[in-house]
Amino acid sequence: MPYTVVVGLQWGDEGKGKIVDVMAGAYAWVVRFQGGANAGHTVQVGDETYIFHLIPSGLLHPDVQVGIGPGVVVDPEVLLQELEMLRQRGIEVQGRFWVDPRSTLVLPYHKLQDAFEEEKRGGIGTTRRGIGPAYRDRAQRVALRVGDLFLPESERNHRLERAMAWNEELLACRYGKPPLPREEVRGSLEAFAEQIRPHVRDVVHAVHEVDRKGGEILLEGAQGAGLDVTFGTYPFVTSSHTLAGGATVGAGVPPHRITKVVGIFKAYVTRVGRGPFPTEVSGEDESWLRERGQEYGATTGRPRRCGWLDLPFLRYMIALNGVTDLVLTKLDVLAGRDPIPVGMAYRVGHQTWTHPPLGEVDLTQVEVEYTPWPGFSEQEAVALEGGAEAYVQALEEHLGLPVAVVSTGPRRRDLKVRRSTIKIVV
Ligand code: IMP
């Protein structure tokens, strides 16, 4: 079982942070493969709550090595803050936290451009963390990568100047804004290079070696499948490949070495930012879900849009990711609601879809067919018995896959392992 990929099957915020945390102890390495500081992975250990934006949540297990893979865009400011937070809380990072030199740097220009772009075109509701502009620079081949900071001086300066000049022109021409003081940008990158130097390592080679020796590696995705730049609800998506396939190019993993794909989904659905959301609710249902689920963004604090479970969308994402095992999170949030509406199919005109070809079906045009499913009590949810277990079994039937783990609260021990196909270390 060399590589396991963990992905979200909705629009992010499915609870991946907690699940990666409880799975990580069974792996030698955990590697993030895409996205950047737009992610916010929350992990609660005892009374302590940790929010990670860049560093894989596996770091909380002392024997696990963690890496930021080449497919990630790294914001130096956020990374240093995160390392400092861990140091202050007594968590050792030396010798176990690594950044691949091929990962792309998010420069201050990128964050400004992200914000200006949001204002200019009405916005798709990005996190304003500079993610789109950083990936754009990578595709344009003017990006600065972590490894560039350690090149001989003349080459390093050449690449930095090129990246700065490109971004200054864009700031001036598209947004009519003045350049950032070059000395400041250069200075902060030099300070970052100094601090990050002991953590820079070829993460890809390291995990290949682990694999060769029979070790196991967990590949941690961020955001959710619905935000994939190609297969998500374009253009209301992020700028990276959030699907399991993204792990191959984002972490340098040969596809045939991935033997398990764990798909995480919440018992209902949330979304941050704009974009189609067929099962979205409003009014009392929205406030009920938001308050019970505490649905506020871990990165931006924005209230999340809320809706009922959407089985057609889930089926599509399960197929695209090749999910082998499901993990259901936040089941407890639905306790006390009876019956629970579940989106079973999409209707477009006279046509009904249970497995929609989302390339053809316009999600803003679909009507959702709901079925009321019997509810369950708090007690049943926490113990995963009676109505709650029946609810999970019904999901397995409709999705055609086993639900291996059910999470019923924020703490590590708030979960039930239903099938031993996923190893959990709490
Ligand atoms: P960006 O990734 O900041 O460019 O934002 C693009 C879209 O993805 C926006 O709708 C964001 O709200 C959404 N998004 C990005 N990261 C996350 C995440 O970690 N959780 C949920 N939504 C996210």
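Modeller: Start with Q294, which is partly exposed at 49% relative accessibility. On this scale, buried means under 20% relative accessible area, exposed over 50%, and partly exposed in between, with a 1.4 Å probe and protein chains only. The model is predicted, so local features need pLDDT of at least 70 and side-chain atom pairs need pLDDT 80 or more, while totals for chains, interfaces and linings use all residues. Residues are numbered from 1 along each chain as its sequence is written, and side-chain values use heavy atoms, without hydrogens or water.

Q294 sits in the loop between α9 and β12. Helices (H or I, at least four residues) and strands (E, at least two) are DSSP runs, numbered from the N terminus. The phi angle of Q294 is near 50 degrees, a positive value in a residue other than glycine. D13 also has a positive phi, near 60 degrees, and is not a glycine. D13 belongs to the loop between β1 and α1. Its relative accessible area is 24%, so D13 is partly exposed.

R304 makes a salt bridge to D13, with the closest N and O atoms 3.3 Å apart. R304 is in the loop between α9 (283-293) and β12 (305-307), and D13 in the loop between β1 (3-8) and α1 (16-24), so this pair ties together parts 291 residues apart in sequence. A salt bridge here is a side-chain nitrogen of Lys or Arg within 4 Å of a carboxyl oxygen of Asp or Glu. R304 itself is buried, at 7% relative accessible area.

Two other pairs are worth a look. E77 bridges to K111, again with a closest N to O distance of 3.3 Å. E77 is in helix α2 (residues 76-88) and K111 in helix α3 (residues 108-120), so the bridge ties parts 34 residues apart in sequence. R182 and E161 meet at 2.5 Å, N to O. This pair links distant parts of the chain, 21 residues apart: R182 in helix α6 (residues 182-196) and E161 in helix α5 (residues 153-175). Both ends are partly exposed: R182 at 28% and E161 at 27%.

Now the domains. An automatic or database assignment sets their bounds: domain 1 (3-97 + 210-259), domain 2 (104-196) and domain 3 (261-417). The C-alpha centres of domains 2 and 3 are 37 Å apart. Seven residues of domain 2 touch five of domain 3, where contact means heavy atoms within 4.5 Å.

Domains 1 and 3 both give residues to the lining of the second largest pocket, so that pocket lies between them. A pocket is an open set of points on a 1 Å grid over the protein atoms alone, where a 1.4 Å probe fits, with protein on both sides within 12 Å along at least five of seven lines; lining residues have an atom within 4 Å of a point. Its volume is about 180 Å³, the space filled by probe spheres set on points joined across faces, edges and corners. Of its 15 lining residues, the closest to the centre are G232, T233, Y234, L358 and V361. Y234 is joined to P235 by a cis peptide bond, with omega about 5 degrees.
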